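Here's a quick tour of a protein model, written for someone who likes to know the cut-offs behind each number. Have a look at the structure first, then read on.

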Amino acid sequence: MTPQRIPFPVVDEISRHTVVDGEPENVHMELHLPGRLDPTRLRKAVREALLRHPRVLVRQAPGRWWHRSYEWELTDEPDVDPVSWPGGTLAEARERAVTGIPPLTVSPPIRFEVVEPPAADGGGSVIVVCLNHTALDGPACLRVLATAAELYSGVDNSPAVAPPRAERPAGEPVPPARSTWARPARIAADRRESGRRPAPGNGVLVTELPLPARPRGVPYTVNDQLLVATFLTVVRWNREHGQRAHPVRITMPVDDRPRTADMPMGNGTRLVEVTFGDEERTPDDIPALLRATAARTRDLKTRSRSQLGLGAGLLTTPVVPVGIRAAATRALRVAAAPWASTTLLSNLGRISYPLDFGDAGRPTAVWVSAPARMPRGLALTTVSTGGKLQLVVRWSRELLDDAAGNRFGEVFAESLAATAHRDPEVAP
């Protein structure tokens, strides 16, 4: 029986066209559970979860350069067992997850490694996930994990109802970003500690921060505080490295999909860009900057826009062979690199699923990281659980060595703290 085929959507095709050796286009995820997982039960639960979300069971169909599109083959069963207990340390599993990538030619393009840290390191279990971002994104993976948790434990893992958001005050103006068309800042490179040619792949900092305080009724959200903190971090970092000031442009994924069991799989987010102009590079009034950022992001989220914009849609129109479109896409990416955004901030917010694995418990922390390909070379990803902010800073080793990446994370933590509300009547 010939497997069912579906053409690559726009996001998948653009990602496939621009794959570069040494720059993994993958998403890494960690679920830290307080108890141990049973291998047989977990394998069975993951397999059944994949069958319930058949769009995840895909592999790239064989094709030639003159074909009109890439195609996914939907498989009835996984080609390989995606769950493993490889042994070794969490650090080793994390390194594999941010430097490796599941092949597109094998279904499913996702791997689950289970690590069991010793009691001295907290014990329990850690599910370390690596998925090929050409096929799937982080929210889709979380949906699969929620289904697997329900099948493993028998506990309802339906998503919680999202809390209502405050309405934007009527007539609130959207501050203009006067530097929209200027070349954005690049994060200053720093590889002084390594003293050698950069290794391929990514470095990663996994850390936990307190959620920044904000008073009730303010128009800005934690996401707006994260955006402002990212802006402040880039400005300070570049100033300390002697780089000339430029507007900071931050790419922000927006995901409007439902989190229910019928959530569409694949790459479902759309990308918007939040610009901080030259006039804001030395803000004296952070609360005012937060309010302006909130107005901008709400305006961007409500605009009707395709996932990657009109240009990506034109590049993937199947009027010429896919090989020609691939060459054109790669050439355009190189030419447009100076206008690429400064960095990517992906905030998944509160995890809406319990992710309850029964006797293994619910996650005490969830960490996620997005690709950090050049020319941006750095991505920040955040998740909030239990009143804490789980942050992953992930960088290309072409841009930063590990010492510099850790220092960048420290500057971000200080910048995020600067966005927190402080009671003026309480002495510091």
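Start with Phe 357: leaving out residues up to four places away in sequence, it touches Leu 31, Leu 33, Leu 37, Leu 42, Ile 127, Leu 145, Ala 148, Ala 149, Tyr 152 and Ser 153. A contact here is heavy atoms within 4.5 Å. Bear in mind that this is a predicted model, where local features need pLDDT of at least 70, side-chain atom pairs count only at pLDDT 80 or more, and totals for chains, interfaces and linings use all residues. Residues are numbered from 1 along each chain as its sequence is written, and side-chain values use heavy atoms, with hydrogens and water left out.

Which residues touch the most other members of the largest nonpolar core? They are Leu 37 and Phe 357, in a core of 48 residues. The elements giving two or more residues to this core are E2 (26–33), H2 (39–52), E4 (71–74), E6 (110–115), E7 (125–132), H4 (138–153), H8 (322–336) and E12 (365–369). H4 supplies the largest share, nine residues. There's also a second, separate core of 43 residues, with Val 254, Ala 294, Leu 378 and Val 393 among them. As for the terms, a nonpolar core is a set of buried Ala, Val, Leu, Ile, Met, Phe, Trp, Tyr and Cys residues joined through side-chain atoms within 4.5 Å; buried means under 20% relative accessible area, exposed over 50%, and partly exposed in between (1.4 Å probe, protein chains only).

## The whole chain

Zooming out, the protein has nine helices and 14 strands; these are DSSP runs numbered from the N terminus (helices H or I, at least four residues; strands E, at least two). Of its 428 residues, 50% count as buried. Among contacts with a separation of 6 or more, 79% come from residues 24 or more positions apart.

At the N-terminal end, Asp 285 caps H6, with a side-chain oxygen 3.2 Å from the backbone nitrogen of Ala 288.

Ser 415 sits in H9 (residues 402–418) and counts as buried, at 7% relative accessibility. Beyond its neighbours within four places in sequence, Ser 415 is in contact with Ala 229, Leu 232 and Thr 233.

## Cysteines and a loop proline

The disulfide count is zero, where a disulfide is a pair of cysteine sulfur atoms within 2.5 Å. Cys 130 is buried at 8% relative accessibility, and Cys 141 is buried at 1%.

Pro 34 lies in the loop between E2 and H2. Pro 34 and Gly 122 are 88 residues apart in sequence, yet 8.0 Å apart in space, C-alpha to C-alpha. Residues that Pro 34 touches include Gly 124, Ala 360 and Thr 364.

Key: A polar contact is a pair of N or O atoms within 3.5 Å; within protein, one must be able to donate a hydrogen and the other to accept it, and residues adjacent in sequence count only if both atoms are side-chain atoms.
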